[in-house]
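Please read these notes with the model open beside you. They go point by point, and each point can be checked on the screen.

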Amino acid sequence: MSANRAVWGRVRSRLRAFPEHLAACGPEAAAYGRCVQASTAPGGRLSKDLCAREFEALRSCFAAAARKTPKGGC
């Protein structure tokens with residue numbers, strides 16, 4: 001049972017760090033949001049991979065921010 005607690009402790013730690021990681025990627029998140037918003041506006045057509053470049057930039061930024069976090073927690 002203690003192994004299960006250890007796993008959930010790591011998961012909780014990662015979830016608590018999520019807002020900090022996302023805040024570190026504000027410009028990328030805003031660019032992706034603008035792309036999706038423009039695609040779903042009246043007359044816009046959201047389709048697969050339409051905002052792939054913006055999403056990849058956000059994903060890369062988020063991964064880099066997550067790597068900067070020490071293993072022990074936030």
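1. Start with Ala23. In this predicted model, Ala23 has a relative accessible area of 63%. Residues over 50% count as exposed, so Ala23 is exposed. Ala23 is found in helix α1, a helix that covers residues 2-23. Now find Ala65: the C-alpha atoms of Ala23 and Ala65 are separated by 9.4 Å, although these two residues are 42 apart along the chain.

2. Next, the overall layout. How many helices and how many strands does the protein have? There are three helices and zero strands. Read from the N terminus on, the order of elements is α-α-α. Helix α2 takes in residues 26-40, and helix α3 takes in residues 52-68.

3. Some totals for the protein follow. Of its 74 residues, 16% are buried. Take the contacts between residues at least 6 apart in sequence: 58% of them join residues at least 24 apart.

4. The structure holds two disulfides. Counting bonded cysteines along the chain, they follow the pattern 1-4, 2-3. The next two points take the disulfides one at a time.

5. Cys25 is joined to Cys61, with an S to S distance of 2.1 Å. The pair links distant parts of the chain, since Cys25 sits in the loop between α1 and α2, while Cys61 is in helix α3, 36 residues apart. Is this disulfide left-handed or right-handed? The torsion about its S-S bond is about -95°, so the disulfide of Cys25 and Cys61 is left-handed. As for burial, the cut-off is under 20% relative accessible area. Cys25 has 0%, so Cys25 is buried. Cys61 has 16% relative accessibility and therefore also counts as buried.

6. The other link to look at joins Cys35 to Cys51, with the sulfur atoms 2.0 Å apart. With -90° about the S-S bond, the link of Cys35 and Cys51 is left-handed. Cys35 counts as buried because its relative accessibility is 15%. Cys51 counts as buried because its relative accessibility is 7%.

7. Where is Ser39 placed? Ser39 is in helix α2. Its relative accessible area is 7%, so Ser39 is buried. Which residues is Ser39 in contact with, leaving aside its neighbours within four places in sequence? They are Gly44, Arg45, Leu46, Leu50 and Cys51. One of these, Cys51, is the disulfide partner of Cys35.

8. Finally, check Asp49, which lies in the loop between α2 and α3. Asp49 has a positive phi of about 65°, although Asp49 is not a glycine. Is Asp49 buried or exposed? Its relative accessible area is 57%, so Asp49 is exposed.

Terms used
Residues numbered from 1 in each chain as written. Predicted model: local features only at pLDDT ≥ 70, side-chain atom pairs only at ≥ 80, totals over all residues. Heavy atoms only, no water. Helix = DSSP H or I, 4+ residues; strand = E, 2+ residues; numbered from the N terminus. Buried < 20%, exposed > 50% of the residue type's maximum accessible area, 1.4 Å probe, protein only. Contact = heavy atoms within 4.5 Å. Disulfide = S-S within 2.5 Å.
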